[in-house]
Amino acid sequence: TMRKLEMREVETGYCDFCKEKASHLKKCAICKREMCGRGGYSEHSAYGMEVYRYGDANRLVSSHICKECVDKSLTITVGELFEGILGPTPIQL
């Protein structure tokens, strides 16, 4: 059997924390800086969060919060956190 391989461009970028080139980057939900997946994201990320829909278990949102934002003693509400996850601008701490 022959398989057809699809060749496509993979967008790469640079991690805002370690400055390494990476093909998979996640943005911090608070500061919006991009972080690479070093150590399964544990190198730069302090928290990870996923939100699923009840009816069909469809994942709606996946987000991370960087260690630097957590170190700033977060005093935001859950609503403000969701706005940060879903919105394009950083949360003002």
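The protein chain exposes about 7,300 Å² in this predicted model. Carbon and sulfur atoms supply 50% of that area. Of the 93 residues, 26% count as buried.

**Fold and dimensions**

- The protein chain holds six strands and two helices.
- Their order along the sequence is β-β-β-β-β-β-α-α.
- The radius of gyration is 16 Å, well over the 12 Å that the globule rule gives for 93 residues, so the chain is more spread out than a compact globule.
- Along the principal axes, the C-alpha atoms fill a box of roughly 60 × 40 × 25 Å.
- Among contacts with a separation of 6 or more, 38% join residues 24 or more positions apart.

**Nonpolar core**

- In soluble globular proteins, nonpolar side chains tend to be buried together.
- The largest nonpolar core here has 17 residues.
- Cys28, Ile30, Met35, Ile65, Cys66, Cys69 and Leu81 touch the most other members.
- At least two core residues come from each of strand S4 (34-36), strand S6 (59-66) and helix H2 (78-86).
- S6 gives the most, with three residues.

**Around Cys28**

- Leaving out residues up to four places away in sequence, Cys28 touches Arg33, Met35, His64, Ile65, Cys66 and Cys69.

**Charge**

- The protein chain carries 14 positive and 13 negative side chains.
- The centres of the two sets lie 4 Å apart.

Terms used. Residues numbered from 1 in each chain as written. Predicted model: local features only at pLDDT ≥ 70, side-chain atom pairs only at ≥ 80, totals over all residues. Heavy atoms only, no water. Helix = DSSP H or I, 4+ residues; strand = E, 2+ residues; numbered from the N terminus. Rg over C-alpha atoms; globule rule 2.2 N^0.38 Å. Buried < 20%, exposed > 50% of the residue type's maximum accessible area, 1.4 Å probe, protein only. Contact = heavy atoms within 4.5 Å. Areas by Shrake-Rupley, 256 points an atom, 1.4 Å probe, with all protein chains shown as cover. Lys, Arg positive; Asp, Glu negative; His and termini not counted. Charge placed at Lys NZ, Arg CZ, Asp CG, Glu CD. Core = buried A, V, L, I, M, F, W, Y, C linked by side-chain atoms within 4.5 Å.
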